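User: I'm new to this one and would like a close look at a single part of it. Please walk me through how the side chains there sit and what they pair up with.

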Amino acid sequence: MPFIDKPRPPLTSVHVPHHEMGRTAARLLLRQIRDGSPCRGETVQLPVETHRPGATATVGQ
């Protein structure tokens, strides 16, 4: 995100793998179409990354 490093105090942000989410959704949809079966309520977990600027600062800084 542009300017994410500008606010004070620094903001925590989360990187969400949007491209991988889309690929996974398309794969599941195509599988449903191919098999002719309804959605099974499958759970898919994708990794996310948390960015905490200044998280390693010493207490009192």
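Analyst: **Close-up on one element**

Let's start with threonine 24, which counts as buried at 7% relative accessibility (buried means under 20% relative accessible area, exposed over 50%, and partly exposed in between, using a 1.4 Å probe and protein chains only). Threonine 24 sits in helix 1, and that helix is the part we'll follow. Helices here are DSSP runs of H or I with at least four residues, strands are runs of E with at least two, and both are numbered from the N terminus.

A quick word on what you're looking at: this is a predicted model, where local features need pLDDT of at least 70, side-chain atom pairs count only at pLDDT 80 or more, and totals for chains, interfaces and linings use all residues. Residues are numbered from 1 along each chain as its sequence is written, and side-chain values use heavy atoms, with hydrogens and water left out.

The protein chain has 1 helix and 2 strands, running β-α-β from the N terminus. The average pLDDT of the chain (the predictor's confidence in each residue, from 0 to 100) is 81, and 79% of the residues score at least 70. Confidence is highest in helix 1, at 93, and lowest in strand 1 (residues 13-15), at a mean of 86.

Back to threonine 24. Its side chain reaches the backbone oxygen of glutamate 20 at 2.9 Å, a polar contact (a pair of N or O atoms within 3.5 Å; within protein, one must be able to donate a hydrogen and the other to accept it, and residues adjacent in sequence count only if both atoms are side-chain atoms). Leaving aside residues up to four places away in sequence, threonine 24 also touches Val44 and Leu46, where contact means heavy atoms within 4.5 Å.

Arginine 23 is exposed at 52%, while glutamate 20 is partly exposed at 35%.

Arginine 31 is partly exposed at 22%, as is glutamate 42 at 40%. Arginine 34 bridges to aspartate 35, with 3.0 Å between the closest N and O atoms; arginine 34 is exposed at 62% and aspartate 35 partly exposed at 45%.

Leu29, Leu30 and Ile33 make a nonpolar surface patch of about 330 Å². Isoleucine 33 belongs to helix 1 and is exposed, with a relative accessible area of 60%. Patches are made of residues with over 30% relative accessible area and no salt bridge, joining like charges within 9 Å and nonpolar side chains (Val, Leu, Ile, Met, Phe, Trp, Tyr) within 5 Å.

How values were computed:
A salt bridge is a side-chain nitrogen of Lys or Arg within 4 Å of a carboxyl oxygen of Asp or Glu. Accessible areas come from the Shrake-Rupley method with a 1.4 Å probe; for residues, only the protein chains shown count as cover.
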